[in-house]
Amino acid sequence: MILVTGSTGNVGREVVRELHARGAQFKCLVRNPDKAAVLEGAGVATVTADMDDPASLEPALAGIETLFLLAAPSSRLMLQELNTVLAAKRAGVRRLVKISVILADRASAATFMRDHGRVEHAIESAGIPATFIRPTGFMQNLAPSFGGAVANGYPIYAPAGDARVSWVDLRDVAAVAATVLTQDGHEQRVYELTGGEAFSYADIAALLSGLLGRKVEYGNVTDAAAEQAFRGVGADPWLAHALVSLYQSYRQGHFAAVNGNIERLTGQPPRTLDAYLRENLQAFAAR
Ligand SMILES: NC(=O)c1ccc[n+]([C@@H]2O[C@H](COP(=O)([O-])OP(=O)(O)OC[C@H]3O[C@@H](n4cnc5c(N)ncnc54)[C@H](OP(=O)(O)O)[C@@H]3O)[C@@H](O)[C@H]2O)c1
């Protein structure tokens with residue numbers, strides 16, 4: 001039996017869809033009873049637990065062989081995932097598949113990479129055979145981050161300089177996760193997942209210009225201005241700082257590499273940025 005955490009989020013929803021389509025035996029750990037009811041209504045088994053509450057995790061993990069581990073990008077990610085890893089160890093979970101991030105490293109200066117690296121290290125120390133799935137940036141970040149600005153005729157503002165990112169479609173990340181969860185032989189592996197091509201923010205603006213038939217500009221901003229802007233749209237200080245440190249990694253070229261892991265693991269080439277932008281063009285179009 002597989003237990004899926006994060007099943008009501010962006011990646012987890014797609015993992016659930018993939019596992020369901022493959023006829024896999026799985027259930028979802030859900031903290032919100034209303035969301036659990038929706039899943040149950042769609043024929044998906046659930047168990048209620050909260051990754052912030054270790055006591056709730058013990059019964060949720062009983063009888064589980066394989067754990068899909070995902071927590072939201074927040075200051076609580078490390079603690080929530082560590083709680084779940086400890087409960088998994090106690091429950092005798094035999095295999096773990098974790099959504100991490102490219103270049104996860106517990107010594108990284110970038111917050112997301114450091115926190116994921118620390119959790120990966122804890123999983124290794126716990127001795128649970130694991131697969132670490134390390135994607136680059138999700139294409140699905142782009143419409144929520146920049147759709148409103150572009151629709152209103154503003155440039156795409158970001159502290160990205162001329163950094164290139166090999167954007168990945170999170171549906172491809174979920175397809176890899178489902179493959180790894182349902183096949184043997186992926187233990188003790190790290191899969192860095194990238195799109196097929198790396199694009200700068202100026203490239204994204206040019207692609208949007210072509211698709212929308214009007215000029216879309218990219219405007220580089222300082223880290224300080226970006227941090228203030230993230231705070232302005234509701235990010236807490238931890239998240240605002242984490243996002244700025246992510247852009248610093250982009251500028252160091254850490255997200256530009258391209259590899260063939262998605263095609264090798266799923267048999268399908270990675271979805272393209274052009275296809276994502278076409279599919280979501282309405283989010284960028286004038287209203
Ligand atoms: N965005 C990127 O570009 C990118 C790139 C590489 C890696 N990643 C990694 O991918 C992950 C984010 O995936 P995502 O976008 O799918 O996240 P998401 O949409 O924020 O989903 C988070 C999930 O975690 C659940 N959750 C939150 N707190 C919980 C708790 N206390 N107990 C139990 N469940 C809880 C949420 O449930 P509710 O529905 O109840 O809130 C939801 O199902 C992060 O680890 C991030 O670092 C992201």
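Figure 1. Seven strands make up an open sheet with parallel pairing, in the order E3-E2-E1-E4-E5-E6-E9. From one strand to the next the twist averages 20°. Strands (E, at least two residues) and helices (H or I, at least four residues) are DSSP runs numbered from the N terminus, and two strands are taken to pair if DSSP finds at least two bridges between them. The model is a predicted one, in which local features need pLDDT of at least 70 and side-chain atom pairs count only at pLDDT 80 or more, whereas totals for chains, interfaces and linings use all residues. Residue numbers start from 1 along each chain as its sequence is written.

**Figure 2. Strand E2 and its two partners.** Strand E2 (residues 26-30) runs parallel to E3, to which four bridges join it, and Leu29 stands opposite Val47 in E3. E1 and E2 also pair in the parallel sense, over three bridges, with Cys28 in E2 as the bridge partner of Val4. Five of the five residues of E2 are buried, so the strand is largely enclosed by the rest of the structure; a residue is buried if 20 or more other C-beta atoms lie within 10 Å of its own, exposed if 12 or fewer, and partly exposed in between, with C-beta atoms placed from the backbone. In a regular strand the side chains alternate between the two faces of the sheet. Both faces of E2 are covered, with Phe26, Cys28 and Val30 buried on one side and Lys27 and Leu29 buried on the other.

**Figure 3. The contact between the two domains.** The domain assignment, which is automatic or taken from a database, divides the chain into domain 1 (2-135 + 169-193) and domain 2 (140-164 + 196-257 + 267-283). Their C-alpha centres lie 27 Å apart, and the contact takes 14 residues from domain 1 and 14 residues from domain 2, where two residues are in contact if their C-beta atoms, placed from the backbone, lie within 7 Å. On the side of domain 1 that touches domain 2, helix H5 (111-126) and H7 each supply at least two residues. The residues of that side of domain 1 comprise seven nonpolar, four polar and three charged, with Ala, Val, Leu, Ile, Met, Phe, Trp, Tyr, Cys and Pro counted as nonpolar, Asp, Glu, Lys and Arg as charged, and the others, Gly among them, as polar.

**Figure 4. The shell around the ligand.** The ligand is surrounded by 26 residues, of which the closest are Thr8, Gly9, Val11, Met51 and Ala72; a residue belongs here if its C-beta atom, placed from the backbone, lies within 6 Å of the molecule. Helix H1 (10-21) and helix H4 (77-91) each supply at least two residues of this shell, and the largest share, three residues, comes from H1. By class, the shell has twelve nonpolar, ten polar and four charged residues.

**Figure 5. Phe138 in its loop.** Phe138 is placed in the loop between E6 and helix H6 (142-151), and counts as partly exposed because 18 C-beta neighbours lie inside 10 Å. Leaving aside neighbours within four places in sequence, Phe138 is in contact with Val168 and Leu170. The C-alpha atoms of Phe138 and Leu181, which are 43 residues apart along the chain, are separated by 21 Å.

**Figure 6. Two loop residues with positive phi.** Most residues other than glycine have a negative phi. Leu103, in the loop between E5 and H5, has a positive phi, near 60°, and is partly exposed, with 19 other C-beta atoms within 10 Å. Gln188, in the loop between H7 and E9, likewise has a positive phi near 60°, but counts as exposed, with 9 C-beta neighbours inside 10 Å.

**Figure 7. Asp115 in helix H5.** Asp115 lies in helix H5 and counts as buried, since 25 C-beta neighbours lie inside 10 Å. Apart from neighbours within four places in sequence, Asp115 is in contact with Leu77 and Met78. Between the C-alpha atoms of Asp115 and Val16, which are 99 residues apart along the chain, the separation is 25 Å.

Methods
Axes are lines fitted to C-alpha atoms, for helices over the stretch in contact, and angles run from 0 to 180 degrees between N-to-C directions.
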